[in-house]
Amino acid sequence: MSAITTPFPETPATWKLPYRAKSGMGVALIIAESAIFTIFVVAYLFYVGKSPTGPTPREVLETPIFFTVCLLSSSLTIHLASKLLERGKRGAFLALWFLTIVLGALFMYGTAREWHRLFTNMV
């Protein structure tokens with residue numbers, strides 16, 4: 001019976017604080033996005049039902065469910081693509097990467113179509 005020697009695991013490197021500028025920008029982005037979202041929600045709640053003659057949100061906005069599903073699906077496909085790339089499966093990565101781009105383009109098309117409809121109905 002032969003014994004196989006295994007190397008002694010190296011001690012892990014000491015933990016270092018993340019780069020301050022990068023962390024600060026991340027925190028600032030989250031705060032800014034939260035503030036914008038909060039402002040939109042408060043403005044909507046303030047103006048809902050104020051104009052008896054103006055268009056209601058139901059008359060102006062559509063629920064673009066298909067395009068929302070495309071956006072959420074693109075997050076899943078890019079995650080799976082990165083996992084396949086780590087495993088060295090380049091062909092499958094390229095296929096999922098292309099699918100991610102197509103799903104993102106579909107979402108952008110739907111967003112552009114919605115904005116175009118909003119602007120043409122305002123005039």
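A: Some ground rules to start with. This is a predicted model, where local features need pLDDT of at least 70 and side-chain atom pairs count only at pLDDT 80 or more, while totals for chains, interfaces and linings use all residues. Residues are numbered from 1 along each chain as its sequence is written, and side-chain values use heavy atoms, with hydrogens and water left out.

The protein has four helices and zero strands, so the run from the N terminus is simply α-α-α-α (helices are DSSP runs of H or I with at least four residues, strands are runs of E with at least two, and both are numbered from the N terminus). Along the principal axes, the C-alpha atoms fill a box of roughly 90 × 35 × 25 Å. Buried residues make up 11% of the 123, where buried means under 20% relative accessible area, exposed over 50%, and partly exposed in between, with a 1.4 Å probe and protein chains only.

Now for α3 itself. Helix α3 covers residues 65–86, which is 22 residues, and spans 32 Å from first C-alpha to last, close to the 32 Å expected at 1.5 Å a residue (the expected span is 1.5 Å times one less than the number of residues). Its buried residues are F67, C70, S74, T77, A81 and L84. They sit on the same side of α3 because they cover an arc of only 100° around the axis, going by the directions from the helix axis to the C-beta atoms. Just after the helix, G88 takes a positive phi of about 85°.

On the buried side, T77 has 8% relative accessibility. Leaving out residues up to four places away in sequence, T77 touches L96, L99, T100 and L103, with contact meaning heavy atoms within 4.5 Å. T77 and A95 are 18 residues apart along the chain, and their C-alpha atoms are separated by 9.6 Å. On the exposed side, L72 has 57% relative accessibility. L72 and Y109 are 37 residues apart in sequence and 15 Å apart in space, C-alpha to C-alpha.

Y109 turns up again among the rings: F66, F67 and Y109 form one aromatic cluster. Rings of Phe, Tyr and Trp (its six-membered ring) pair if their centres lie within 6.5 Å, with planes under 30 degrees apart counted as stacked, over 60 as edge-to-face and the rest as tilted. By that rule there are four aromatic pairs. One of them is F46 with Y47, edge-to-face at 4.9 Å centre to centre and 85° between the planes. There, F46 is partly exposed at 48% relative accessibility, and Y47 is exposed at 57%. Another pair is F93 with W97, stacked at 5.9 Å centre to centre and 10° between the planes. F93 and W97 are four residues apart in helix α4 (residues 90–122), so about one helical turn separates them. F93 is buried at 15% relative accessibility, while W97 is partly exposed at 41%.

Helix α1 (residues 20–47) has 28 residues and reaches 40 Å from its first C-alpha to its last, close to the 40 Å expected at 1.5 Å a residue. Just after α1, G49 takes a positive phi of about 80°.

Back out to the whole chain for a moment. Of the contacts with a separation of 6 or more, 61% are between residues 24 or more positions apart. The accessible surface comes to about 11,100 Å², with 72% of it belonging to carbon and sulfur atoms (Shrake-Rupley method, 1.4 Å probe, and for residues only the protein chains shown count as cover).
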